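We will go stop by stop.

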Amino acid sequence: VCLMAHPLIDCFTVYGTQLLWPLPMQPLMWSSLFIIDPLFALPWVLACAIAWYARDRPLGRRALVAGIALGVGYVGWSLVAKSIVDREADRVLATMGLADAPRFSVPMPFNTLLWRVVAMTPGGYVEGFRSLAVDRGAMTFRGHTSNVQALAEAREVPAVQRLTWFNHGFMRVQVTNGELVLTDLRMGSEPGYVFRFAVARHDHRQAKDQRGAKWHSIPPRQLDMPREVGPMWDATWRRVWHAPGDAPAR
């Protein structure tokens, strides 16, 4: 049970894990918990601390049972919250012509009250937020562009194939200083994301009459994306309790 608990919990995050490795399957990502959630971790920590203090007394056993019950109950709540958000997002995205668009929902950092939904579009993706504490109207989505043409041209680059497999295609594509930059949309929000990689370089020597661009693999390089935790948490906390106002979906 202890051995399997960790990978099972990883499956509840947006990055997931290859639970059925070595079968060649994409990581299972149920994305109902943020990677770090104090409300999920606290019951287990307190239970272990009390059990260590109580040792063989009944108090220690009761603390462990209570910690497990609270932790598992919180996971159950996260699944209920996710289903509520997904149902509203599906309804709004259908009105936008994106009923069949690939999408994911994930809680914002350190909580399960504020959720983020991303759906892929032919020219990029849309992003919307939902607070279960205050939002009552329809979700609003904001569109963002991605260089889908460059992605198609570089589809044979091994790093592009590998990252597409890993992130299920949820990424933004940009060309910066002649380099192809792939951003994982699952960790962060506009305009800052945690994981960005330069994976290919454009061949400027290609003849102009050739169709498409020519991309050459380069050693994948992670790009810095500074993001201060304090302001991010302040913005998240404010959005949990304050609705931006109802507006029609865009």
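A residue counts as buried when its relative accessible area is under 20%. The model you are looking at is predicted.

Start with Y15. Its relative accessibility is 13%, so Y15 counts as buried. Y15 sits in the loop between α1 and α2, while F166 belongs to helix α5, so the pair ties together parts 151 residues apart in sequence.

Next, select helix α5, residues 158–167. Which of its residues are buried? They are A159, V160, L163 and N167. Look down the axis of α5: these buried residues fall within an arc of 100°, so they line one face of the helix. In an α-helix there are 3.6 residues a turn, so residues three or four places apart point the same way. Turn to the face away from the buried side to find the exposed residues P158 and R162. Then show what covers the buried residues, including α4 (148–153) and β5 (171–176).

Move to F12 and W30. Their rings form an edge-to-face pair, 5.0 Å centre to centre, with 75° between the planes. F12 is buried at 17% relative accessibility, whereas W30 is partly exposed at 35%.

Together they make a nonpolar surface patch of about 410 Å². L8 lies in helix α1, residues 2–11.

Last stop: select F34, F110, W233, W237 and W241, a cluster linked by ring pairs.

Key. Residues are numbered from 1 along each chain as its sequence is written. This is a predicted model: local features need pLDDT of at least 70, side-chain atom pairs count only at pLDDT 80 or more; totals for chains, interfaces and linings use all residues. Side-chain values use heavy atoms; hydrogens and water are left out. Buried means under 20% relative accessible area, exposed over 50%, partly exposed in between (1.4 Å probe, protein chains only). Helices (H or I, at least four residues) and strands (E, at least two) are DSSP runs, numbered from the N terminus. The arc is that of the directions from the helix axis to the C-beta atoms. Contact means heavy atoms within 4.5 Å. Patches are made of residues with over 30% relative accessible area and no salt bridge: like charges are joined within 9 Å, nonpolar side chains (Val, Leu, Ile, Met, Phe, Trp, Tyr) within 5 Å. Accessible areas come from the Shrake-Rupley method with a 1.4 Å probe; for residues, only the protein chains shown count as cover. A salt bridge is a side-chain nitrogen of Lys or Arg within 4 Å of a carboxyl oxygen of Asp or Glu. Rings of Phe, Tyr and Trp (its six-membered ring) pair if their centres lie within 6.5 Å; planes under 30 degrees apart count as stacked, over 60 as edge-to-face and the rest as tilted.
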